[in-house]
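I opened the notebook to write down what I looked up, one topic at a time. The structure comes first, then my entries.

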Amino acid sequence: MARNHDEYIQQLFGNEDEALHSVNESIRRNGMPAISVKPEVGRFLSLLVRIARPRNIMEIGALGGYSGMMLASALDKEGSLTSLELEESYANVAKDNLNRAGLGDKVKYVIGPALQNMDSLHSAGQQYDFFFIDADKVNYPNYFQAALKLATPGAVIVADNTLQGDRVIDKNDTSESVEAIRTFNEQIASDERVEGILLPLCDGLTVCRVKS
Ligand SMILES: C[S@@+](CC[C@H](N)C(=O)[O-])C[C@H]1O[C@@H](n2cnc3c(N)ncnc32)[C@H](O)[C@@H]1O
(Lines give C-alpha, C1' and ligand atoms only; values in the text may rest on other atoms or scores of the structure.)
Protein backbone atom coordinates (compact mmCIF):
# COMPACT_ATOMS: atom_id res chain seq x y z
CA MET A 1 0.00 0.00 0.00
CA ALA A 2 1.25 3.49 -0.88
CA ARG A 3 2.50 5.63 2.01
CA ASN A 4 1.93 8.99 0.32
CA HIS A 5 0.53 10.44 -2.91
CA ASP A 6 3.91 10.27 -4.70
CA GLU A 7 4.08 6.52 -4.16
CA TYR A 8 0.43 6.14 -5.14
CA ILE A 9 1.02 7.98 -8.43
CA GLN A 10 4.22 6.02 -9.03
CA GLN A 11 2.45 2.69 -8.51
CA LEU A 12 -0.28 3.61 -10.99
CA PHE A 13 1.66 5.57 -13.60
CA GLY A 14 5.35 4.83 -13.00
CA ASN A 15 5.73 1.73 -15.16
CA GLU A 16 8.14 1.81 -18.10
CA ASP A 17 8.59 -0.34 -21.18
CA GLU A 18 11.75 -2.25 -22.14
CA ALA A 19 13.12 0.57 -24.33
CA LEU A 20 12.93 3.08 -21.48
CA HIS A 21 14.33 0.62 -18.99
CA SER A 22 17.29 0.01 -21.29
CA VAL A 23 18.03 3.77 -21.40
CA ASN A 24 18.65 3.84 -17.66
CA GLU A 25 20.64 0.59 -17.99
CA SER A 26 22.89 2.24 -20.58
CA ILE A 27 23.32 5.25 -18.27
CA ARG A 28 24.48 2.95 -15.48
CA ARG A 29 26.77 1.02 -17.84
CA ASN A 30 28.42 4.20 -19.07
CA GLY A 31 28.97 5.61 -15.58
CA MET A 32 26.66 8.57 -16.19
CA PRO A 33 24.59 10.17 -13.40
CA ALA A 34 21.24 8.48 -12.69
CA ILE A 35 19.19 11.65 -13.10
CA SER A 36 16.75 10.88 -15.92
CA VAL A 37 13.20 12.11 -15.43
CA LYS A 38 10.98 9.77 -13.45
CA PRO A 39 8.67 7.54 -15.55
CA GLU A 40 5.63 9.54 -14.35
CA VAL A 41 7.21 12.77 -15.61
CA GLY A 42 8.08 11.07 -18.89
CA ARG A 43 4.50 9.92 -19.24
CA PHE A 44 3.27 13.47 -18.61
CA LEU A 45 5.70 14.87 -21.21
CA SER A 46 4.38 12.41 -23.81
CA LEU A 47 0.83 13.37 -22.95
CA LEU A 48 1.59 17.09 -23.29
CA VAL A 49 3.19 16.50 -26.69
CA ARG A 50 0.20 14.49 -27.88
CA ILE A 51 -2.14 17.28 -26.73
CA ALA A 52 -0.10 20.25 -28.01
CA ARG A 53 1.09 18.48 -31.20
CA PRO A 54 4.27 20.57 -31.62
CA ARG A 55 6.24 20.55 -34.86
CA ASN A 56 9.64 21.41 -33.35
CA ILE A 57 10.59 20.48 -29.79
CA MET A 58 13.69 21.80 -28.04
CA GLU A 59 15.02 19.76 -25.13
CA ILE A 60 17.69 21.32 -22.88
CA GLY A 61 19.62 18.48 -21.19
CA ALA A 62 19.67 15.13 -23.04
CA LEU A 63 21.66 12.86 -20.69
CA GLY A 64 20.99 9.31 -22.02
CA GLY A 65 17.81 10.09 -23.95
CA TYR A 66 15.07 9.06 -21.49
CA SER A 67 13.00 12.24 -21.72
CA GLY A 68 14.05 12.55 -25.37
CA MET A 69 12.47 9.17 -26.05
CA MET A 70 9.25 10.18 -24.31
CA LEU A 71 9.11 13.43 -26.27
CA ALA A 72 10.10 12.05 -29.70
CA SER A 73 7.83 9.00 -29.52
CA ALA A 74 4.80 11.25 -29.01
CA LEU A 75 5.54 13.52 -31.97
CA ASP A 76 3.41 13.55 -35.11
CA LYS A 77 5.05 12.06 -38.22
CA GLU A 78 6.60 15.34 -39.40
CA GLY A 79 7.66 16.53 -35.94
CA SER A 80 11.27 16.81 -34.78
CA LEU A 81 13.28 17.09 -31.57
CA THR A 82 16.39 19.23 -31.14
CA SER A 83 18.21 18.19 -27.99
CA LEU A 84 20.89 20.41 -26.44
CA GLU A 85 23.56 18.66 -24.38
CA LEU A 86 26.84 19.88 -22.91
CA GLU A 87 28.60 16.50 -22.93
CA GLU A 88 29.24 14.93 -26.32
CA SER A 89 29.65 11.45 -24.78
CA TYR A 90 26.19 11.73 -23.19
CA ALA A 91 24.61 12.86 -26.45
CA ASN A 92 26.19 9.84 -28.17
CA VAL A 93 24.57 7.49 -25.64
CA ALA A 94 21.23 9.27 -26.11
CA LYS A 95 21.59 9.04 -29.90
CA ASP A 96 22.26 5.29 -29.72
CA ASN A 97 19.23 4.80 -27.50
CA LEU A 98 16.90 6.75 -29.78
CA ASN A 99 18.31 4.98 -32.84
CA ARG A 100 17.64 1.62 -31.19
CA ALA A 101 14.06 2.70 -30.50
CA GLY A 102 13.57 3.64 -34.17
CA LEU A 103 13.41 7.36 -33.33
CA GLY A 104 16.83 8.37 -34.67
CA ASP A 105 15.44 10.24 -37.67
CA LYS A 106 13.35 12.47 -35.41
CA VAL A 107 16.17 13.83 -33.26
CA LYS A 108 19.18 16.08 -33.71
CA TYR A 109 21.76 16.69 -30.95
CA VAL A 110 23.45 20.04 -30.52
CA ILE A 111 26.55 19.79 -28.36
CA GLY A 112 27.88 22.50 -26.04
CA PRO A 113 26.59 25.04 -23.53
CA ALA A 114 22.86 25.30 -24.19
CA LEU A 115 22.60 29.06 -23.74
CA GLN A 116 25.18 29.73 -26.43
CA ASN A 117 23.54 27.25 -28.77
CA MET A 118 20.09 28.74 -28.15
CA ASP A 119 21.54 32.10 -29.10
CA SER A 120 23.03 30.67 -32.32
CA LEU A 121 19.78 28.91 -33.21
CA HIS A 122 17.92 32.18 -32.65
CA SER A 123 20.37 34.02 -34.93
CA ALA A 124 19.80 31.29 -37.53
CA GLY A 125 16.06 32.04 -37.41
CA GLN A 126 15.00 28.74 -35.80
CA GLN A 127 11.73 28.56 -33.86
CA TYR A 128 10.25 25.96 -31.54
CA ASP A 129 6.75 25.30 -30.26
CA PHE A 130 7.63 23.10 -27.28
CA PHE A 131 10.52 23.32 -24.81
CA PHE A 132 11.64 20.95 -22.10
CA ILE A 133 14.14 22.49 -19.69
CA ASP A 134 16.10 19.91 -17.65
CA ALA A 135 19.74 21.00 -17.45
CA ASP A 136 21.85 23.04 -14.97
CA LYS A 137 19.47 24.64 -12.49
CA VAL A 138 21.39 27.92 -12.14
CA ASN A 139 20.54 28.75 -15.73
CA TYR A 140 16.76 28.12 -15.57
CA PRO A 141 15.92 31.87 -15.56
CA ASN A 142 18.25 32.35 -18.54
CA TYR A 143 16.78 29.34 -20.36
CA PHE A 144 13.32 30.82 -19.86
CA GLN A 145 14.37 34.15 -21.45
CA ALA A 146 16.18 32.38 -24.29
CA ALA A 147 13.19 30.08 -24.90
CA LEU A 148 10.87 33.09 -25.16
CA LYS A 149 13.04 34.44 -28.00
CA LEU A 150 12.86 31.11 -29.84
CA ALA A 151 9.17 30.42 -29.14
CA THR A 152 6.29 30.55 -31.58
CA PRO A 153 3.05 32.11 -30.22
CA GLY A 154 1.27 29.46 -28.17
CA ALA A 155 4.47 27.49 -27.50
CA VAL A 156 4.62 25.30 -24.40
CA ILE A 157 7.54 25.51 -21.96
CA VAL A 158 8.00 22.73 -19.41
CA ALA A 159 10.71 22.54 -16.73
CA ASP A 160 11.60 19.73 -14.34
CA ASN A 161 12.83 19.85 -10.71
CA THR A 162 11.17 23.14 -9.89
CA LEU A 163 10.52 22.20 -6.26
CA GLN A 164 14.09 21.05 -5.61
CA GLY A 165 12.98 18.52 -2.99
CA ASP A 166 10.95 21.33 -1.34
CA ARG A 167 14.12 23.38 -0.85
CA VAL A 168 12.39 26.27 -2.67
CA ILE A 169 10.13 26.79 0.34
CA ASP A 170 12.98 26.84 2.85
CA LYS A 171 13.86 30.55 3.20
CA ASN A 172 17.17 29.62 4.82
CA ASP A 173 18.28 27.78 1.70
CA THR A 174 20.04 30.43 -0.34
CA SER A 175 22.16 28.15 -2.54
CA GLU A 176 22.66 29.42 -6.07
CA SER A 177 20.63 26.66 -7.71
CA VAL A 178 17.67 27.00 -5.34
CA GLU A 179 17.66 30.81 -5.72
CA ALA A 180 17.71 30.36 -9.50
CA ILE A 181 14.75 27.97 -9.42
CA ARG A 182 12.83 30.43 -7.20
CA THR A 183 13.53 33.17 -9.75
CA PHE A 184 12.37 30.89 -12.56
CA ASN A 185 9.13 29.99 -10.76
CA GLU A 186 8.48 33.68 -10.07
CA GLN A 187 9.05 34.45 -13.74
CA ILE A 188 6.43 31.88 -14.74
CA ALA A 189 4.00 33.20 -12.12
CA SER A 190 4.34 36.86 -13.00
CA ASP A 191 5.64 37.32 -16.55
CA GLU A 192 2.78 38.76 -18.60
CA ARG A 193 3.93 36.91 -21.71
CA VAL A 194 3.11 33.47 -20.32
CA GLU A 195 0.40 31.65 -18.39
CA GLY A 196 1.52 28.69 -16.32
CA ILE A 197 1.50 26.57 -13.19
CA LEU A 198 3.88 24.59 -11.01
CA LEU A 199 2.62 21.04 -10.52
CA PRO A 200 3.78 18.98 -7.51
CA LEU A 201 4.55 15.96 -9.69
CA CYS A 202 7.73 14.19 -8.48
CA ASP A 203 10.30 16.98 -7.90
CA GLY A 204 8.02 19.67 -9.34
CA LEU A 205 7.12 20.26 -12.95
CA THR A 206 6.41 23.77 -14.21
CA VAL A 207 4.30 24.09 -17.34
CA CYS A 208 3.48 27.31 -19.16
CA ARG A 209 2.16 28.51 -22.47
CA VAL A 210 3.47 31.54 -24.36
CA LYS A 211 0.48 33.79 -24.98
CA SER A 212 -0.51 34.18 -28.65
C1 LIG B 1 18.97 16.03 -15.45
S2 LIG B 1 20.02 15.65 -16.76
C3 LIG B 1 18.89 15.56 -18.12
C4 LIG B 1 18.02 14.34 -18.07
C5 LIG B 1 17.23 14.14 -19.32
N6 LIG B 1 16.38 15.28 -19.60
C7 LIG B 1 16.35 12.91 -19.16
O8 LIG B 1 15.44 12.97 -18.35
O9 LIG B 1 16.59 11.91 -19.87
C10 LIG B 1 20.81 17.19 -17.09
C11 LIG B 1 21.67 17.20 -18.33
O12 LIG B 1 21.98 18.56 -18.63
C13 LIG B 1 23.28 18.61 -19.12
N14 LIG B 1 23.80 19.98 -18.95
C15 LIG B 1 24.27 20.55 -17.81
N16 LIG B 1 24.64 21.81 -18.03
C17 LIG B 1 24.40 22.06 -19.33
C18 LIG B 1 24.59 23.17 -20.18
N19 LIG B 1 25.10 24.33 -19.72
N20 LIG B 1 24.22 23.07 -21.47
C21 LIG B 1 23.69 21.92 -21.95
N22 LIG B 1 23.49 20.82 -21.20
C23 LIG B 1 23.85 20.89 -19.92
C24 LIG B 1 24.04 17.56 -18.31
O25 LIG B 1 25.21 17.15 -18.98
C26 LIG B 1 22.99 16.46 -18.18
O27 LIG B 1 23.12 15.52 -19.20
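**Entry 1: the largest pocket.** Which helix gives the largest share of the lining of the largest pocket? I found that helix 1 does, with 3 residues. I note that this is a predicted model, where local features need pLDDT of at least 70 and side-chain atom pairs count only at pLDDT 80 or more, while totals for chains, interfaces and linings use all residues. Residues are numbered from 1 along each chain as its sequence is written, and side-chain values use heavy atoms, with hydrogens and water left out.

I wrote down what a pocket is: on a 1 Å grid over the protein atoms alone, an open set of points where a 1.4 Å probe fits, with protein on both sides within 12 Å along at least five of seven lines. Lining residues have an atom within 4 Å of a point. The volume is the space filled by probe spheres set on the points, which are joined across faces, edges and corners. Helices (H or I, at least four residues) and strands (E, at least two) are DSSP runs, numbered from the N terminus.

The largest pocket holds about 640 Å³ of space. I counted 35 lining residues, and Ile35, Asp134, Ala135, Lys137 and Asn161 lie nearest the centre. Two or more residues each come from helix 1 (5-13), helix 3 (39-52), helix 4 (66-72) and strand 2 (80-85). By class, I have 16 nonpolar, 8 polar and 11 charged residues. Here Ala, Val, Leu, Ile, Met, Phe, Trp, Tyr, Cys and Pro count as nonpolar, Asp, Glu, Lys and Arg as charged, and the others, Gly among them, as polar.

**Entry 2: the second largest pocket.** I read a volume of about 170 Å³ for the second largest pocket. Its lining includes Glu16, His21, Ile35 and Pro39. Helix 2 (residues 18-29) gives the largest share, 4 residues. The lining divides into 5 nonpolar, 3 polar and 3 charged residues.

**Entry 3: Asn161.** I went back to Asn161, which lies in the loop between strand 5 (151-160) and helix 8 (176-190). Is Asn161 buried or exposed? Asn161 counts as buried because its relative accessibility is 17%; buried means under 20% relative accessible area, exposed over 50%, and partly exposed in between, with a 1.4 Å probe and protein chains only. Its side chain makes a polar contact with the side chain of Lys137 at 3.1 Å. A polar contact is a pair of N or O atoms within 3.5 Å; within protein, one must be able to donate a hydrogen and the other to accept it, and residues adjacent in sequence count only if both atoms are side-chain atoms.

**Entry 4: Glu59.** I placed Glu59 in strand 1. With a relative accessible area of 1%, Glu59 is buried. The side chain of Glu59 makes a polar contact with the side chain of Ser67 at 2.5 Å and reaches the backbone nitrogen of Gly68 at 3.1 Å.

**Entry 5: the cysteines.** How many disulfides does the structure hold? I found 0 disulfides, a disulfide being a pair of cysteine sulfur atoms within 2.5 Å. The sulfur of Cys202 has its closest cysteine sulfur in Cys208, and at 19 Å this is too far for a bond. Cys202 counts as partly exposed, at 28% relative accessibility, whereas Cys208 counts as buried, at 3%.
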